[in-house]
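Subject: Structure handover

Hello,

The structure is placed below, followed by notes on what was found in it. Please read the notes with the coordinates open.

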Amino acid sequence: MISSNVTRRRVRTVAAVTLTACLAAACSSTTGSSTSSGAGSSGSNGTYTIWDPYPQFDDSADWVKLLQKCGTDTGVAIKRTGYDTTDLTNKALLAAQQGNSPDVLIVDNPVVSTLADAGVLTTTEEMKVDTSAVEPNLLAAGQIDGKTYGIPIGANTLALYYNKEVLTAAGVDAAQIKDWASLTAALEKVKAAGKKGITFSAIGTEEGSFQFLPWFWGAGANLTQLDSAQGISALQLWSDWLKNGYAPNSVINNTQTTSWQEFATGQFAFAENGTWQLANAEKAGFEYGIIPIPSSSGGTAPAPTGGEFVTAPVQTDTGRYATSQKLISCLTNADNAYTTDTTLSYIAATDAVQAKQVAGNPDLKVWVEAVKAAKGRTSDNLGTKYPKISEPMWTGFQAALSGAKSPQDAFTAAQATAAAATK
Amino acid sequence: MAPHVTTRASVPAVPETGAGARRPRSARSGGHWTAWAFLAPVVVYLVAFYAYPLYRNLDLSLHRYTVRSFVQGGAPFSGLDNYRTVFDAPTFWPALTHTAVFTGASLVFQFSIGMALAIFFHQHFRLSATLRALFLVPWLLPLIVSASTWSWMLNSDSGIVNSALGVFGIGPVNWLTSPDWSLVSVTIANIWIGIPFNLVVLYSGLQAIPSDIYEAAALDGATPWSTFWRVTFPLLRPVSAITLLLGLIYTLKVFDIIWIMTKGGPADGSTTLATWSYRLGFGNLLPSFGPGAAVGNLLIVLAMVFGLLYIRMQRRAPR
Amino acid sequence: MNRSMKTAIGIMLTAIMLFPIYWMINVSFTKDTDMRADPPHLFPLHGTLEGYRAVLDQQLPYLGTSLLIALGTVALTVIVSAPAGYSLAKLRPRGAGALSFVLLVAQMIPGVIMAMGFYSIYLKLGVLNSAAGLVLADSTIAVPFGVLIFTAFMSGVPAELSAAAKIDGAGAFRTFWSVILPVSRNAVVTVSLFAFLWAWSDFVFATTLDGGGAQQPITLGIYRYIGNNNQEWNAIMATAVVASIPATLLLIVAQRYVAAGVTAGAVKD
């Protein structure tokens, strides 16, 4: 049959082509990546691996060029991989289990205590990394039981961005907003003027907890007691805003990015968002301003610290530590920290570089103050207890905001779960 | 794809064991070994790639793992503790019910819509082949894209669905943020994603039915509906069965769509066993591998039960 | 109902089904500031091309790798599952039923668990972070399905064909290669189709097993736009659009092939 001959020939050709292609792909890819030669070493001798949570940066970005430069200065080759930040913890754990840890690992700060608890990270003492210049409130996130497990690359935190045009049209003076009552009153005026009040992120992930904490801490509540009167009052604040239409229903599913997109439409008066949005705020197309998040009775609320830590995972070949230490020092020295933090739109972790940032851009003063007042989520020696509290907390405010439970019931249930998990 | 259906026998998709073989096997002694030689790649495959992960999953569920013991080893054996934790958890019954509703509704709608479309496209009008191919485009997209697109369309304030409803005077529905609607929304998205699979497989099955059967039915004066119900559908039974079974297995495993659209929330409103398993093991800052693996194994057991049911059905229905 | 009516209805149904795809394309042209516009814009009137510019600058290598991996997966899947299907359908060895059941169970293992298991195997074999390793992993999604399909299909090939081959002195392999396989063209295309689609859209294996690789598929390339604090949605959607175009063309061609009918060696009463 002619058709079967043709089919056979076609099949054969396709098979040959794909096999060759596969082999070519396999061959070329193995030359590119650092192969792991069994348990123990995570890179061949002259190559040091760095993992970071910035997949948005490719080889042409300043960040990667900096890594390469630090490598060249130290005399080693660098193999850098950017991972999705939500995935990086699991990748780090899996790699550590298999003896495939990178030499330098940059992770989000609340995760440091988890990795330290798992025995994945070395202490800064062991690595001989100098953390004396780092602000204590920023370093606290990486400290457990008096030991430090990394050094922050920079910090960011939350504040309230506002749309000057919307506020002026509604007759609100942002400088007068000092506590919750005045904020809610402002939102009422904005709604009466036909615009939308405030947008934030209340999603059921760590991002939501991050956004909720300034209000929670601003009410005077403590993470060890979610269902205190103060804790519930914070949830009541959010819940009332949704009920009265001052905040949109979409906050329940908003990430900080989508919340920002809502603000960027120009319809909202306020957005609770972070330092990293500064670049986007410039492009917003309307005049914006920033005020610190008010606490319930007046004053600035403590906001949680965001930002990543540079850590050094444990390696079986401890001889590599010397070079890793040089890499880390290179990344976090004053000049490089200034460049990196400017690229990432973070605030520096040391006083000296913060001053340099403000000198270069006076608008950053508000943020520097906010960062100085900020608190680590895993501080107060909460360490790995924090994730066990954070998850019930976000489940709680999700239940209250979506109307499934009252704020009181939601947080009582949350506290029960958290207490059971942190026993 | 489908078994070439003839009027005399339908072919079970899962063949029965060779014991008491009905066909005379090759007299050559190598016949049995030849057969297994053909099967060798698959067997090696199964052992190398499925046995180990399955074993790991079982192992994870039978020990008490902390992050420390996950990395360093030395987790204590904890027997069925993880399973007990899972059964006692307040999320268990909601997750189970949601899984049942989600899977049931998805299968019913995916299958019926797929069948209707397959029959419609079987009629060979102009462009039918191209349109049929276009129906597969949803499968090309990475799930993060399709799930995100649905999220955007169903957004309470800026979504196109609520806008469209507004045109008809219906108030905005909180598709993704209300505990009542979140399961409905993810089910709709899942049905959308499942239609192409059903369409392709059922269409292939339809193609295998010789057209003289339809002619015969028409000659007997059958209406389109009774032709379908009395002729087409029975002939499609084996194909339908395998489609439903595979659909069930794939739907039980679904978590990407739900995770990206609602994260299983709000307040566990759209949590299924699959999303719960993921959340326990990977979806939070502090992984609990033991319970996560336990829920995963529960899912596998559930799927196995249906698989056994299917095989029993096949054995009992030679035609 | 005449044929033009049917075509019209067909087009309408397809349009409804593909509306989310249209929305995806809409978002890919939308500016950041209009993303959450309320009410949403049906057409990206004041659109932007920056998403596409980013994609064309950065994503083409990822597309190439995806194509390679997908084709490789197709080849591997067919090579492994076709003989197995033949054996289960025609040669019927003892214990085949158990094997089929195991194949069913194999499909029920969640992808994340599989990926974690593969990680350690790949690490020891040294194929972590390679495209070939990904081909192997992606084929595990398709092989059980492939075996089921081939078994079902080849069972329906009439015994007369293999009997005739045997009379001509053909052994099992020759029968398989020269007689059964050509007749099972539709099954080959169906299995290839699904293998391609699954490999193309796989993410779990890609991120666990090729996360640090030099060659990554498009599902990982998309993560370039998902930063730790910011996501560029128009670029993400643009990536999906650009990635779908070659694959859609391939699909249309393949469907024609399946639709060519079951005439070659088809079953007759």
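In which sense do strand 1 (residues 47-52) and strand 3 (residues 104-108) of chain A pair, and over how many bridges? The two strands pair in the parallel sense, over 2 bridges. Helices (H or I, at least four residues) and strands (E, at least two) are DSSP runs numbered from the N terminus, and two strands pair if DSSP finds at least two bridges between them. A:Trp51 stands opposite A:Leu105, which is in strand 3 of chain A.

On conventions: this is a predicted model, in which local features need pLDDT of at least 70 and side-chain atom pairs count only at pLDDT 80 or more, while totals for chains, interfaces and linings use all residues. Residues are numbered from 1 along each chain as its sequence is written, and chains are lettered from A and ligands numbered from 1 in the order in which they are written.

The sheet in chain A is open and mixed in its pairing, with 5 strands in the order 2-1-3-11-6. Strand 2 (77-82) and strand 6 (151-152) of chain A are at the edges with a single partner strand each, so one side of each has no neighbour in the sheet.

Chain C has 13 helices and 0 strands. Of its 269 residues, 61% count as buried (20 or more other C-beta atoms within 10 Å of the residue's own, with C-beta atoms placed from the backbone). The C-alpha atoms of chain C fill a box of roughly 75 × 65 × 30 Å along the principal axes.

Contact between them (C-beta atoms, placed from the backbone, within 7 Å) involves 8 residues of domain 1 and 6 residues of domain 2 of chain C.

UniProt, in an unreviewed entry, places "domain: ABC transmembrane type-1" at residues 63-254 of chain C; such annotations may be inferred rather than shown by experiment. That span is 78% helix and 0% strand, and its end C-alpha atoms lie 20 Å apart.

On confidence, the mean pLDDT (the predictor's confidence in each residue, from 0 to 100) of chain C is 82, and 94% of its residues reach 70 or more. Residues 259-269 of chain C have pLDDT below 50. For the complex, the predictor gives an ipTM of 0.82 and a pTM of 0.84.

Regards

Technical notes
Buried ≥ 20, exposed ≤ 12 C-beta atoms within 10 Å, placed from the backbone. Contact = placed C-beta atoms within 7 Å.
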